[in-house]
Amino acid sequence: MTAWIIANMAPLMFCGLIVTLLIGFPVAFSLGAVGILFGLLGIHLGLLDTSLLQALPERVFGVMSNDTLLAVPFFTFMGLILERSGMAEDLLDTIGQLFGPLRGGLAYAVVFVGALLAATTGVVAASVISMGLISLPIMLRYGYDRRLATGVIAASGTLAQIIPPSLVLIIMADQLGRSVGDMYAGAFIPGITLAGIYAVYVLGTTFFRPHWAPALPAEARTMREPDGSGGTPSLIVLVVIAVISAVLYAKLRMADRALDETLVIATSVGTGVAFFAAVLNRVLKLGLLSKIAERVVFVLIPPLALIFLVLGTIFLGVATPTEGGAMGASGALIMALARRRLSWKLLRQAMDTTAKLSTFVVFILVGARVFSLTFYGVSGHIWVEHLLTSLPGGQLGFLIVVNALIFFLAFFLDFFELSFIVIPLIGPAADKLGIDLIWLGVLLGVNMQTSFMHPPFGFALFYLRSVAPAKDYLDRLTRKVTKGVSTGQIYWGAVPFVIIQVIMIGIVIAFPQMVMVYKAGEKAYDINKIHIIVPEEAPLLPGAPGTEGSGQAPSGAQEQEAAEKALERALGGGSDAAPKEEPKTPAAPK
C-alpha cells in the first residue's frame with residue numbers, strides 16, 4: 001500500500017485538491033492545506049526531505065516581492081475611481097444618443113462603451129454593474145427584448161477580461177513567465193475582434209428580430225440641432241479628417257514600427273486632431289460642429305487619452321505595466337477631480353475595495369505556491385507534462401483537451417483560481433510541444449472569459465442580477481409599469497454570447513497571427529545558418545614561443561584569447577561576413 005501511495009502521490013494530491021474544493025472550502029486555504037498535508041505525508045513515507053518545507057518561507061516572500069503583481073492594485077484602483085466618477089454614465093448617454101436613430105442603437109452603444117470601459121478600467125464587475133444600472137432601464141423603457149438587453153450588457157462587461165489592461169492577463173503572464181507588455185500586445189486585436197463580433201450579432205438580431213431592438217423614438221433624442229436635425233454630418237466629417245490624419249501619420253512616420261505601436265500612436269494622433277478641431281470650434285465660436293459632434297469629442301477624448309497613457313506607454317516601451325498602472329491610477333484621479341466627483345468617501349470606497357481584491361489575489365497565490373512546492377517535490381509536474389504531451393494529435397490535440405478542460409472548470413472556478421491552479425501545470429507541457437506561451441495565454445484568456453457568462457454560475461450574471469429589477473416597477477420618466485427581468489431571461493440571454501466566445505477561441509486557433517503581432521518588431525535569427533569560421537594560425541617566427549627552437553609552449557591564455565577573437569568576428573559579422581585575413585608575419589632575413 002505504501003509503495004502504491006508513493007507511486008501515485010501526484011494524482012492523489014490533485015484529487016485531494018478537487019475534493020476539498022467541492023466540499024466548499026475556500027480556494028486559498030484548500031491549496032495551502034493540501035500542499036502542507038501531502039508534504040508531511042511525503043516526509044513520513046520517506047519520499048520527501050524535511051528541507052523541502054524549509055523553502056516555504058522563501059517562496060511566500062517571493063510572492064510579496066513580485067513587482068509584476070503591483071499592477072493588480074493599480075489597475076483595480078483606476079477602474080474603481082473611473083466607475084464612480086460618472087465616466088460610464090456620460091459615455092452611455094452620449095453614445096446612446098449617437099446611435100439612437102438606428103435599430104439596436106442602444107445595444108451598439110453598450111458594446112462600444114463596454115470595450116472602452118474594458119480598455120480603461122480592466123474590471124468586469126465595475127463595467128457590468130455600471131452598464132446594468134444606466135443602460136438596462138433605458139433599454140427596457142423603449143421595448144428591448146430582455147434576453148438581448150441583459151445578454152449584451154453582461155457580455156460587453158466581460159470584455160474587460162481580454163482587452164488590456166486586463167487583470168487576468170497580468171496573472172497569466174506572471175504564471176507563464178512571460179512579459180505583461182507582450183501579453184497585452186497579443187491580446188489587443190483579439191479583444192477588439194470579439195467586440196466587433198458582438199456588434200455583428202446585434203446587427204443580425206435587428207434584421208431577423210427587429211422588434212427586439214427598436215430605434216429610440218424622436219422625443220428621446222435630446223441632442224438635436226435647432227432645425228431638428230441630428231447633427232451627424234459634421235461628426236462624420238470630423239471622423240474622416242481624424243482617420244485621414246492617423247493613416248497619413250502611420251504611413252509617413254511609422255512604416256517600420258510594430259503593428260501595436262502603430263495602432264496606438266496613430267489613433268492618438270487622430271484623436272488629437274479631432275480634439276484640437278473641437279476646441280478651436282468652441283473657443284472661436286465657428287459653429288462648424290453640431291452639439292452631438294462636440295459632445296462626442298469632449299466625452300470620448302479623456303478616456304482615450306487615459307488609454308494612451310496606460311497602453312501607449314507600455315507598447316512603446318516607455319513604461320513597464322506596473323508603471324503604466326500607476327500612471328493610469330493618477331490619470332483617473334485627475335479625471336475625477338476635473339469632473340468634480342472626487343471626494344474622501346469615493347477615495348475610501350475605492351481603496352477599501354482595492355485592498356480586498358489585492359488581498360484575495362495574494363492569498364490565492366500564497367496557497368498556490370505552497371501547493372506547487374509539494375506538487376513539484378513529488379514530480380507532479382512531470383506527471384502532468386507526460387499526461388498532456390502524450391495526447392493524440394500533437395499540438396491540436398493538446399489545445400482541444402486543455403480548452404475543453406478550462407471551459408468545464410470555468411463552471412465552478414473563478415479566473416483567478418484557474419490562473420493559479422491550472423496554468424502553471426499546462427505551461428511547461430505547452431512549451432515542450434513548441435506552442436508560443438503568449439499565444440496560449442491569450443487563447444486561454446478568451447476561454448476563461450466564459451467563466452463570467454456560464455449559466456448558472458457566471459459572475460457577470462450575478463452582478464447583473466444584483467442591479468436588474470426582479471419585480472415590476474414604475475418607470476420614473478414614462479410613469480408606466482414596466483415588467484421586471486427574471487433570472488431565466490438573464491441566463492438565456494447569455495447563451496448566444498457564450499457561443500460567440502467559443503467561436504472566438506476557434507478563430508484564435510485558426511488565425512494565430514492575430515496574437516503573434518507582438519513579435520512584429522523582432523528580428524528572426526535562424527541558428528542553423530550561423531557559421532563560426534576559425535581562421536588558420538599564422539606561421540610563427542623562429543624562436544617565438546611555441547616553436548621547436550623556443551623551448552616554450554603556447555600559453556593557454558593566448559589560445560583562449562585567439563579563440564574568443566575568432567568567435568567575436570564570426571558572430572559580429574553574421575553568416576555572410578568572412579573574417580578578415582590576419583597579416584602574415586614576414587619571413588625572417590637569412
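Which residues do ring pairs link into a cluster? Select Tyr 198, Tyr 201 and Phe 497: ring pairs link these residues into a cluster. Here, rings of Phe, Tyr and Trp (its six-membered ring) pair if their centres lie within 6.5 Å; planes under 30 degrees apart count as stacked, over 60 as edge-to-face and the rest as tilted.

A quick word before moving on. You're looking at a predicted model, where local features need pLDDT of at least 70 and side-chain atom pairs count only at pLDDT 80 or more, while totals for chains, interfaces and linings use all residues. Residues are numbered from 1 along each chain as its sequence is written, and side-chain values use heavy atoms, with hydrogens and water left out.

**The whole chain**

Zoom out and show the chain as a cartoon. There are 25 helices and two strands; these are DSSP runs (helices are H or I, at least four residues; strands are E, at least two), numbered from the N terminus. Of the 590 residues in the chain, 46% are buried. Buried means under 20% relative accessible area, exposed means over 50%, and partly exposed is in between (1.4 Å probe, protein chains only).

Areas come from the Shrake-Rupley method with a 1.4 Å probe; for residues, only the protein chains shown count as cover. As for contacts (heavy atoms within 4.5 Å), take those with a separation of 6 or more: 77% of them come from residues 24 or more positions apart.

**Helix α7**

Next, select residues 87–99, which make up helix α7. The expected span of a helix is 1.5 Å times one less than its number of residues. For the 13 residues of α7 that gives 18 Å, and the end C-alpha atoms are 18 Å apart, so the two agree.

Is α7 mostly covered or mostly open? Mostly covered: ten of its 13 residues are buried. Among them are Met 87, Leu 91, Ile 95 and Leu 98. To see what the buried residues of α7 pack against, colour α6 (71–84), α8 (105–120), α9 (124–141), α13 (232–253), α15 (291–315) and α16 (321–338).

**Salt bridges**

The term means a side-chain nitrogen of Lys or Arg within 4 Å of a carboxyl oxygen of Asp or Glu. Arg 295 is in helix α15 and Asp 93 in helix α7, so this pair ties together parts 202 residues apart in sequence. Arg 295 is partly exposed at 28% relative accessible area, and Asp 93 is also partly exposed, at 36%.

How many salt bridges does the structure hold? It holds six. For another, select Asp 145 and Arg 147, whose closest N and O atoms are 3.4 Å apart. Asp 145 is buried at 15% relative accessibility, whereas Arg 147 is partly exposed at 36%.

Then jump to helix α17, where Asp 352 and Lys 356 lie four residues apart, about one turn of the helix. Their side chains meet in a salt bridge (3.5 Å, N to O). Lys 356 is exposed at 56%, while Asp 352 is partly exposed at 41%.

**More aromatic pairs**

Back to rings: the structure holds nine aromatic pairs. Select Phe 29 and Phe 363, whose ring centres are 6.2 Å apart and whose planes sit at 65 degrees, so the pair is edge-to-face. The two are 334 residues apart, with Phe 29 in helix α3 (residues 27–45) and Phe 363 in helix α17 (residues 344–377). Phe 29 is partly exposed at 47%, and Phe 363 is partly exposed at 45%.

Phe 452 and Phe 459 also pair edge-to-face, with centres 6.3 Å apart and planes at 65 degrees. Phe 452 is buried at 3%, but Phe 459 is partly exposed at 32%.

**Last stop: a nonpolar patch**

Bring the surface back and select Phe 275, Phe 276, Val 279, Leu 280, Val 283, Leu 284, Leu 286 and Leu 288. They make a nonpolar surface patch of about 760 Å². Patches are made of residues with over 30% relative accessible area and no salt bridge: like charges are joined within 9 Å, nonpolar side chains (Val, Leu, Ile, Met, Phe, Trp, Tyr) within 5 Å. Finish on Leu 284, found in the loop between α14 (259–283) and α15 and exposed at 52% relative accessibility.
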